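Subject: Handover of a structure for your review

Dear colleague,

Please find below the structure that I am handing over to you, followed by an account of what was found in it.

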Amino acid sequence: MPLSLPERPIILTGDRPTGPLHLGHYVGSLRNRVALQSTHQQFLLLADAQALTDHMHDPAKVSRSILEIATDYLAVGIDPDSTTICLQSHLPALADLTLLYANVVTVARLERNPTIKDEIQARGFGRDIPAGFLCYPVAQAADITAFKATIVPVGEDQAPLIEQTNEIVRRINRQAGADVLPEAQALIPSVGRLPGIDGKAKMSKSQGNTIPLSATEDQIRDAVRRMFTDPLHIRAADPGRIEGNVVFTYLDAFDDDHAVVADLKDRYVSGGLGDSVVKKRLEDVLQAVVAPIRARRAALAHDPGHILEVIRRGTERARAITDTTQRDVRRALGLFTLH
Ligand code: TRP
């Protein structure tokens, strides 16, 4: 069983279940996770508690998204026998470690965290920042350390959270006088963040600029048709621009035939190639990426009990590991314990 091989580095990644996963998640993380599960000991956290830090007004959405996202995981090829899929809110050690770590972090430090600063701005909290939200970096440090993960694949925007985790790790280890927790390293994907189909940097379902992994053939065709290209490329004969042209950005991310893409770019830049030709290529490529995912999703939909069972089993496995870390940390710090 691959999980028991101790020499495999431990990886933790996770997602906030606040909506269906889309193609941006696929290129940015899901694809890598499928590859990493054969070389690493991988844990995948359904971060429902963290999702509530900015979705307390809509817990039903979080609940719904848990099964939806777990289905996406299996549909893209995450193998629950290699990757442990687990539910954050059902791992009590995480909450305990969060409370403990909160005592070695100042409010000022949390307010200085660049990720948090940006997110507070983006969410328009103003002065009404939920305390749970401000503290989620502490909870994320609990997630990472509870699994003793040394590698954490996250987007570039999350790198400051790993830095803050390591500060906590050093504080705890110093106080314990032993290396009870390992430091972690962020693994930033080599491909940049995928833009929305409208060309905006931020993909969000509410803006309608994403292509969900559950998209139908028609939805994919329609999304590609609406995709932002070069607004100055009006006639096919005109020379066009590649930079900021979403169709080419997506081709770079999804088309494995780099020679074809290079040729299309050449012809587009010199003039004489219409948007419709490039879009047709992209549509074919995306249909081929999503078709097998859709087929697996449809098969999984017949057996929702199976998904629940995968989460249940994974959470049980994760509970044993995180409980052990909780005990190790409490012991190392000399905290009172009844067991
Ligand atoms: N913050 C991550 C996100 O927004 C989700 C997450 C929660 C996570 N806990 C984690 C990621 C631990 C990596 C490790 O998607």
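**The second largest pocket**

The second largest pocket has a volume of about 260 Å³. Please note that this is a predicted model. The lining of the pocket comprises 15 residues, and those closest to the pocket centre are Ala49, Leu94, Ala95, Thr98 and Ala139. Helix H2 (48-52), helix H4 (92-101) and helix H8 (136-146) are the elements that contribute two or more residues to this lining. The greatest contribution is that of H4, with four residues. Sorted by class, the lining of the second largest pocket consists of eight nonpolar, six polar and one charged residues.

**The nonpolar cores**

The largest nonpolar core contains 50 residues. Within this core, the residues with the most contacts are Leu23, Tyr26, Tyr73, Ile211, Tyr250, Phe254 and Leu286. Helix H13 (residues 275-301) supplies the largest share of the core, namely eight residues. Both domain 1 (10-194 + 304-332) and domain 2 (214-298) give residues to this core, which therefore lies between them.

When neighbours within four places in sequence are set aside, leucine 23 is in contact with Leu194, Ile211, Leu213, Phe254, Leu286 and Val290. Of these partners, Ile211, Phe254 and Leu286 are also listed among the residues with the most contacts inside the largest core.

There is also a second, separate core of 39 residues, which includes Ala146, Ala149, Ala176 and Val180.

**Threonine 210**

Where in the chain does threonine 210 lie? Threonine 210 is found in the loop between strand E5 (185-187) and helix H10 (217-226). Is this residue buried or exposed? Threonine 210 counts as buried because its relative accessibility is 13%, under the 20% limit that defines the term.

Residues up to four places away in sequence not being counted, threonine 210 touches His22, Met203, Ser204 and Lys205. One of these, histidine 22, is 188 residues apart from threonine 210 in sequence, yet the C-alpha to C-alpha distance between the two is 6.4 Å.

Yours sincerely

Key. Residues numbered from 1 in each chain as written. Predicted model: local features only at pLDDT ≥ 70, side-chain atom pairs only at ≥ 80, totals over all residues. Heavy atoms only, no water. 1 Å grid on protein atoms, 1.4 Å probe; cavity = no way out; pocket = protein on both sides within 12 Å on 5 of 7 lines; lining within 4 Å. Points joined across faces, edges and corners; volume = space filled by probe spheres on them. Nonpolar A, V, L, I, M, F, W, Y, C, P; charged D, E, K, R; others polar. Buried < 20%, exposed > 50% of the residue type's maximum accessible area, 1.4 Å probe, protein only. Contact = heavy atoms within 4.5 Å. Core = buried A, V, L, I, M, F, W, Y, C linked by side-chain atoms within 4.5 Å. Domains from an automatic or database assignment.
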